[in-house]
Amino acid sequence: MIYKEFEISEKGSLKGAKLTVYIQEPSESLYIKERPLILLCPGGGYGFTSDREAEPMALAFMAKGYHTAILRYSCHPATYPTALLELGRSVLIIRENAKEWNVKKDSIVVQGCSAGGHLAASYSCMWKEGFIEENLLVNDAEMLRPNGLILCYPVITSGEFAHRDSFVKLLGDRYDELVDEMSLESRVNQDVPRTFMWHTFSDQSVPVENSLLFATALRKAGISTELHIFPEGCHGLSLANKLTLSMQEKELSPSCEPWIDMACRWMEYYF
């Protein structure tokens, strides 16, 4: 495995914002020369980035044959659009180094859990907007394009079923000005990439309606989408097994554990 780390510093970035890249070691004896890359955005309510949704998940995807990367984006007191710009910079770094790292440059998939899912979905809805291109000094917006989106129990809506604290931390003093704009079921457009999503019906922190609202918007826009709703399981399951169990010991859910195999089958089919 080749390990690389990049400091990410955009307008408003906090110390510690970084991109960590894990590249499968190339070998003449392997048939596969180039691989897709999955760029992970851990959750944490925009207050922190969860360790449980970072390296353990990245290594699980690596074990399935993918390159991976983790963005430790700036959280509160950093506010929108800092994390969005950091994610754009990360996509740009990966695409610019795709040849050297044996990454399929048209197979860069952004992934996010919970509030990290809001970040990944926000980027997938907004990557083509001029302010991102201008802030990142990019001449060709196609360099910023995400080719796929994987969402795990994502924060989506700022309406009735909102995880309100995520939006309070994301928007800070501009909450009243921007809260409706950051409700992503209203931001879906034709430039959103094909999407894989999963949620649990019993999630009490980020209700399943978040995924249902986003999936409905994707359906209306004609965006290819695979959605799985598991009947039981708390919020923040990560891999749903002992590897990502927290100190509260509540994140075991055997019925949800196959989600990563489902996501990888989706990846294999499209990328």
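A disulfide is a pair of cysteine sulfur atoms within 2.5 Å. This structure holds zero disulfides. The sulfur of cysteine 256 lies 8.8 Å from the closest cysteine sulfur, that of cysteine 234, so the gap is too far for a bond. Cysteine 264 is in no disulfide either; its nearest cysteine sulfur, in cysteine 152, is 11 Å away.

The model is predicted: local features need pLDDT of at least 70, side-chain atom pairs count only at pLDDT 80 or more, and totals for chains, interfaces and linings use all residues. Residues are numbered from 1 along each chain as its sequence is written, and side-chain values use heavy atoms, with hydrogens and water left out.

Cysteine 256 has a relative accessible area of 0%. Cysteine 264 has 8%.

Cys264 belongs to the buried set of helix H9, along with Trp259, Ile260, Met262, Ala263, Trp266 and Met267. Helices (H or I, at least four residues) and strands (E, at least two) are DSSP runs, numbered from the N terminus. H9 covers residues 259-270, twelve residues in total. From first C-alpha to last, H9 reaches 17 Å, close to the 16 Å expected at 1.5 Å a residue. That expected span is 1.5 Å times one less than the number of residues. The buried residues of H9 pack against helix H1 (55-63) and strands E3 (35-41), E5 (103-113), E6 (148-152), E7 (195-200) and E8 (225-230). Contact here means heavy atoms within 4.5 Å.

Turn to H1. Its buried residues are Met57, Ala58, Ala60, Phe61 and Met62. Their cover includes H9, E3, E5 and E6, as well as strands E2 (18-23) and E4 (67-72). Glycine 65 follows H1, with a positive phi near 110 degrees.

Next comes alanine 78, in the loop between E4 and H2. Alanine 78 is buried, at 8% relative accessible area. Not counting residues up to four places away in sequence, alanine 78 touches Gly12, Leu14 and Lys169.

Finally, look at helices H2 (residues 82-96) and H4 (residues 115-126). Their axes come within 10 Å and cross at roughly 70 degrees. That makes H2 roughly perpendicular to H4. Ala83, Leu84, Leu87, Gly88 and Val91 in H2 meet Leu119, Ala120, Ser122, Tyr123 and Met126 in H4. By class, this contact has eight nonpolar, two polar and no charged residues.

Notes:
Buried < 20%, exposed > 50% of the residue type's maximum accessible area, 1.4 Å probe, protein only. Axes fitted to C-alpha atoms, helices over the stretch in contact; angles between N-to-C directions. Parallel < 35°, antiparallel > 145°, perpendicular 65-115°, else oblique. Nonpolar A, V, L, I, M, F, W, Y, C, P; charged D, E, K, R; others polar.
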